[in-house]
Amino acid sequence: VRAEFQKDIKIKNGNWSPLKKIKGKEVLLVASGPKSIEYLNSIENFIKKHKPYVIAVNNNVKINKNLIDVYAACNPLKFIADITSFKKLKRPLVAPESILDNNIKKKLTKIKILNFGVGLEQNKYKFFKKGTIIPRFYTLAYALGIATCGKSKKIFLAGFDGYGISDHRTKLINNLLLQYSTSKGAIELLAITPTSYTLTFKSVYNLSQ
């Protein structure tokens with residue numbers, strides 16, 4: 001049974017487009033898996049060398065905050081659970097304002113929110129100038145939408161360790177990644193830290209030399 005907040009939702013476009021920032025650039029999505037700590041220096045060197053647009057998909061990613069361009073979040077429940085850490089962000093947050101209730105907005109007045117829209121359709125990704133349709137309210141799916149709508153030339157992923165091959169959560173994310181890769185307009189994905197997801201992997205050690 002699909003959770004209540006994972007039911008289909010019509011897209012409400014935001015007023016921010018990632019095109020200006022991302023078009024023709026590489027994008028790095030950073031998550032907070034243990035590998036992101038193990039490979040911390042290499043990830044930071046990779047950013048300094050390749051200068052990708054860096055999107056953090058968790059508030060607690062460990063890399064130097066000055067190397068992060070934006071944080072991303074789209075799950076209504078996460079906002080409620082993690083409001084304290086959202087309030088402390090020192091970088092802009094890309095989020096769909098249409099899913100934030102006024103109570104949450106009041107608590108986030110101190111941070112800059114870039115309003116990038118979201119819609120939900122089962123098994124679908126669609127990419128627009130100021131919003132994206134994704135299959136589930138997962139920040140990874142939303143971040144892929146941001147990078148794709150921004151017409152990035154390649155998407156790198158770091159710290160997406162996965163939960164082991166047989167874990168259902170890994171299967172769920174693999175499904176999201178497969179749906180992404182087979183969508184019209186999808187961009188090449190490359191994991192630069194070890195992962196149990198079905199992703200092409202190229203070690204950040206080789207890329208950050």
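Author: What follows is a short exchange on how the terms are applied to this chain. This is a predicted model, in which local features need pLDDT of at least 70 and side-chain atom pairs count only at pLDDT 80 or more, while totals for chains, interfaces and linings use all residues. Residues are numbered from 1 along each chain as its sequence is written, and side-chain values use heavy atoms, with hydrogens and water left out.

Reader: What makes the chain as compact as a globular protein of its length?

Author: The chain has nine helices and 11 strands, where helices are DSSP runs of H or I with at least four residues and strands are runs of E with at least two, numbered from the N terminus. Its radius of gyration is 16 Å, close to the 17 Å that the globule rule gives for 209 residues, so the chain is as compact as a globular protein of that length. The radius is taken over C-alpha atoms, and the rule is 2.2 Å times the number of residues to the power 0.38.

Reader: Why are α7 and α8 called roughly parallel?

Author: Helix α7 (residues 139–149) and helix α8 (residues 168–181) pack at an angle of about 20°, with their axes 10 Å apart. Angles under 35 degrees count as roughly parallel, and α7 and α8 are therefore roughly parallel to each other. The axes are lines fitted to C-alpha atoms, for helices over the stretch in contact, and angles run from 0 to 180 degrees between N-to-C directions.

Reader: Which residues of α7 and α8 meet?

Author: L140, L144 and T148 in α7 meet I173, L177 and Y180 in α8, contact meaning heavy atoms within 4.5 Å. By class, this contact of α7 with α8 has five nonpolar, one polar and no charged residues.

Reader: How do you know whether T170 is buried or exposed?

Author: T170, whose place is in helix α8, has a relative accessible area of 0%. Buried means under 20% relative accessible area and exposed over 50%, with partly exposed in between (1.4 Å probe, protein chains only), so T170 is buried. Leaving aside its neighbours within four places in sequence, T170 is in contact with G162, Y163, G164, I165, S196 and Y197.

Reader: What covers the buried residues of α3?

Author: In helix α3 (residues 40–50), the residues S42, I43, E44, F46 and I47 are buried. Their cover includes β2 (26–30), α2 (34–38), β3 (53–56), β10 (154–158) and α9 (204–207).

Methods. Angles under 35 degrees count as roughly parallel, over 145 as roughly antiparallel, 65 to 115 as roughly perpendicular and the rest as oblique. Ala, Val, Leu, Ile, Met, Phe, Trp, Tyr, Cys and Pro count as nonpolar, Asp, Glu, Lys and Arg as charged, and the others, Gly among them, as polar.
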